[in-house]
Amino acid sequence: MGVSSCRKSVCGFRALCTAKDLSIKKCVPCNSKDLQPMTEQAASDLITKVDGWNLVSEGDALRLKKSWKVKTFTKGLELFKLIADVAEAEGHHPDLHLVGWNNVTVEIWTHAVGGLTENDFILAAKINALNMQHLLRRNATN
């Protein structure tokens with residue numbers, strides 16, 4: 001199903017009218033004055049669509065967070081590159097952390113609104129769709 005040009009409010013946030021699968025949606029520009037952070041309830045409803053991601057509260061702002069264990073330090077950098085390519089294509093950029101030599105954590109939220117929007121869930125779904133198994137430790141838990 002393709003992207004429609006209509007826009008509507010869903011669960012208290014603005015969304016493009018597209019297919020149900022978040023990974024085929026496109027992030028919308030964050031410079032709109034009517035773009036607001038979604039409610040905790042709306043975020044709780046969407047979190048089930050992005051396997052392995054967690055809702056975390058930093059201060060009074062919600063974020064998405066997911067961690068992986070990679071095989072080596074350089075595999076962590078390769079994972080960053082895969083994620084960076086998707087983020088650049090979407091115009092929506094996460095915070096990337098490489099802690100120790102093999103612990104990668106990604107945090108996503110819409111900085112422009114100080115909280116979560118549908119864009120964050122779209123990016124998380126696209127990250128989930130990446131072929132990254134060759135970078136991860138065999139016993140990695142996402």
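Let us begin with α3, which is mostly covered: 10 of its 11 residues are buried. Buried here denotes under 20% relative accessible area, exposed over 50%, and partly exposed in between, with a 1.4 Å probe and protein chains only. Among the buried residues of α3 are Phe121, Ala124 and Ile127, and also Glu118, Asp120 and Lys126.

A word on provenance. This is a predicted model, in which local features need pLDDT of at least 70 and side-chain atom pairs count only at pLDDT 80 or more, while totals for chains, interfaces and linings use all residues. Residues are numbered from 1 along each chain as its sequence is written, and side-chain values use heavy atoms, with hydrogens and water left out.

In outline, the protein has 3 helices and 6 strands, arranged from the N terminus as β-β-α-β-β-α-β-β-α. These elements are DSSP runs numbered from the N terminus, helices being H or I of at least four residues and strands E of at least two. Of the 142 residues, 43% are buried.

The largest nonpolar core has 33 residues, of which Trp53, Trp68, Phe121 and Ile127 touch the most other members. Two or more residues come from each of α1 (40-46), β4 (61-69), α2, β6 (103-108) and α3 (118-128), and the largest share, 6 residues, is that of α3. Such a core is a set of buried Ala, Val, Leu, Ile, Met, Phe, Trp, Tyr and Cys residues joined through side-chain atoms within 4.5 Å.

What does Trp53 contact, leaving aside its neighbours within four places in sequence? Its partners include Leu64 and Trp68, Val106 and Ile108, and Ala124 and Ile127. Contact means heavy atoms within 4.5 Å.

Finally, the surface. Phe73, Leu77 and Trp101 form a nonpolar patch there, with about 310 Å² of accessible area together. Areas follow the Shrake-Rupley method with a 1.4 Å probe, and for residues only the protein chains shown count as cover.

Phe73 lies in helix α2 (residues 73-90) and counts as partly exposed because its relative accessibility is 43%. Trp101 lies in the loop between β5 (95-99) and β6; at 45%, Trp101 is likewise partly exposed.

Notes: Patch = residues over 30% accessible without salt bridge, like charges linked within 9 Å, V, L, I, M, F, W, Y side chains within 5 Å. Salt bridge = Lys/Arg side-chain N within 4 Å of Asp/Glu carboxyl O.
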